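Please look through the model below with these numbered points beside you. They begin with the strands and then turn to the helices.

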Amino acid sequence: PGIGAVPTQRLSATVVAVEERAVAWVQDDLRETSETLELEQIGEVIAQFSREDYGLVVEKFGAPSDVDGDGRLSFLFTHLVDEVGGLAGFYSASSVVAEEVGGDGNMTDMMFITPTARFETYRPLLVHEFQHLLNFNQHVLVRRGASEANWLNEGLSHLSEDLVAGYAVSGQSDIIQAFLEEPSAVGLAGEALLDPAKRGAAYLFVRSLVDSFDGDAIFIGGVELIDNC
């Protein structure tokens, strides 16, 4: 799908790893750089997600979509993410929506991932994008409602990273610092996709709810609570 200055386009990719809950695809004409993940590393990342992290996130946020009926999530490692800039990955709801109602024709439960991030950051990255997929499924495909507000969606995805990684690895410290540099200039509402300060504000808001309302109970029940605030 098109995002930012990157236009909608078609690319070919090859499956390089298959686990019970996840499949890794790699763009066929991926550029070889010193930062690009090795295929073995991608296999490790996907295995970790499928065998441990998938269950952790589903327990907190609910079940994912399965529009292609294979019971697996697809992670496409592509330089398109790098070309967008400012992101390490993204989820596009158009991938799970039919073309006749505005989808892009993928009809695959897919997330788009950079192949050039630091290896230790992939665990929270995959969990972050997975929450976006879960969020859209629960709000739109299951409940037939509106999609989540962007700032809150980002805050919940950063919150999900806390399930698998500490502040330094996940990057929470960076967005918190961005917010603290001028907190009075940052509001919650609005677009947070490329705004680290707003992401920091959103994360601290939902993190405070979890800490104030006895932890785990807020993750699923709390999403509805936030919606009603």
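1. In strand E5, Met-110 is the residue that stands opposite Ser-74, and the strand E3 that holds residues 73-77 pairs with E5 (residues 110-113) in the parallel sense over four bridges. Two strands are said to pair if DSSP finds at least two bridges between them, while helices (H or I, at least four residues) and strands (E, at least two) are DSSP runs, numbered from the N terminus.

2. This is a predicted model, in which local features need pLDDT of at least 70 and side-chain atom pairs count only at pLDDT 80 or more, whereas totals for chains, interfaces and linings use all residues. Residues are numbered from 1 along each chain as its sequence is written, and side-chain values use heavy atoms, with hydrogens and water left out.

3. Strand E2 (residues 22-27) runs parallel to E3 and is joined to it by five bridges, with Val-23 standing opposite Ser-74. Both faces of E3 are covered, since Leu-73, Phe-75 and Phe-77 on one side and Ser-74 and Leu-76 on the other are all buried (buried means under 20% relative accessible area, exposed over 50%, partly exposed in between, with a 1.4 Å probe and protein chains only).

4. Asp-53 lies in helix H1 (residues 39-61) and counts as buried because its relative accessibility is 1%. Leaving aside residues up to four places away in sequence, Asp-53 touches Gln-48, Arg-123, Val-127 and Val-164, where contact means heavy atoms within 4.5 Å.

5. The buried residues of H6 pack against helices H4 (150-161), H5 (167-170) and H7 (196-212).
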